[in-house]
Amino acid sequence: MRLLRYLLVSCSAAAMAGAVTFTGATAASVAAPARSHAAPSARFLAEARTALVKYLRHDHPQAMLVRTRHAHTVKGATAFGSFNWSGYADTATTAQTFSAVSGSWTTPSVTCGAEDQVTSNWVGLDGFSDGTVEQLGTFGWCYKSTPTYFTWYEMFPTGFVEVGKSLKPGDKISASVTRTGTSYALKLTDSTTSGSNISVTKTCALATCKDTSAEWISERPSFSTPPPNSVFLGFAPQAHYNAFKLTSGGQTSSGKSGTIGSGPGVNAITMFDDTATYKLNTVSGLTGGNSFSTTWTNSF
């Protein structure tokens, strides 16, 4: 644990933060505020956002899969273990099979100790079997023992996780990625708290973004040193969250709209520790083809 914490802090110190404008918000770096048991101040949230951007500057979001007999078995789905993902992924072998993915959830609350920890919930295209990603969602971030919450998106080929304005636990989130040719519309709506919405349109060449998977995921990010001499450092400790319950999970494949698992293939993913010995998350079966939950069991 001490080694991983040292690596994360070293990575944070070596990276540079960047500002990003989301719907109604631009976050910036500020001086550290005094510690308090009250709700985080705007200054503290801005500082936490800057620290999170540094951590994620050289993120590797692709699923890091591991074959293990301990992966949770779900009827009708292929069981996979992963060091960083938990949830579901629909997959295909033909490029540009998927053109849309969507889902809704309530922002989980996180319980924080002395260590900086993070958990992320998102929907997206690609990343299950390739390094390209088009995804967006929410973060629960334990910063200086204080729970903070942010929206975010990432779009290949820039590969940089862009962190937006803070939100609150319990906020109702709906998110989607929709592809039209080489154009990707990424949209996140917080129907509870105004100002944290995301609505951006990006492009990615068909030869680059393959669109061979659609995902609904709970994740703990991984980190490396900056390029060109990138060295993989490890995974963030997963923040202890109360529940991730995804509903209204949908996807469009080969021009036909459906639910999770109604496309070419479906995979249930269980998160494991770095030695693939014990579970960090478990994933439930599907309800109605469009709803499931992941449950926290360990941080690392």
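Colleague: Why does Cys209 count as buried?

Modeller: Cys209 has a relative accessibility of 0%. Buried means under 20% relative accessible area, exposed means over 50%, and partly exposed lies in between (1.4 Å probe, protein chains only). At 0%, Cys209 therefore counts as buried. This is a predicted model, in which local features need pLDDT of at least 70, side-chain atom pairs count only at pLDDT 80 or more, and totals for chains, interfaces and linings use all residues. Residues are numbered from 1 along each chain as its sequence is written, and side-chain values use heavy atoms, with hydrogens and water left out.

Colleague: What makes Cys204 and Cys209 a disulfide?

Modeller: Their sulfur atoms are 2.0 Å apart, and the rule asks for a pair of cysteine sulfur atoms within 2.5 Å. The pair therefore passes. Cys204 is also buried, at 4% relative accessibility.

Colleague: How many disulfides does this rule give?

Modeller: Two. The other joins Cys112 to Cys142, with the sulfur atoms 2.1 Å apart. Counting bonded cysteines along the chain, the pattern is 1-2, 3-4.

Colleague: Why is the disulfide of Cys112 and Cys142 called left-handed?

Modeller: The torsion about its S-S bond is about -85 degrees, so it is left-handed. For Cys204 and Cys209 the torsion is about 90 degrees, so that disulfide is right-handed.

Colleague: How do you know whether Cys112 and Cys142 are buried or partly exposed?

Modeller: Cys112 has a relative accessible area of 22%, so it is partly exposed. Cys142 has 0%, so it is buried.

Colleague: What makes Gly76 exposed?

Modeller: Its relative accessible area is 72%, so Gly76 is exposed. Gly76 sits in the loop between β3 (65-66) and β4 (78-82). Its C-alpha atom is 9.7 Å from that of Leu286, which is 210 residues away along the chain.

Colleague: Which residues touch the most other members of the largest nonpolar core?

Modeller: Tyr88, Leu136 and Trp216, in a core of 38 residues. Another core lies apart from it, with 26 residues, including Ala48, Ala63, Trp85 and Val118. A nonpolar core is a set of buried Ala, Val, Leu, Ile, Met, Phe, Trp, Tyr and Cys residues joined through side-chain atoms within 4.5 Å.

Terms used
Helices (H or I, at least four residues) and strands (E, at least two) are DSSP runs, numbered from the N terminus.
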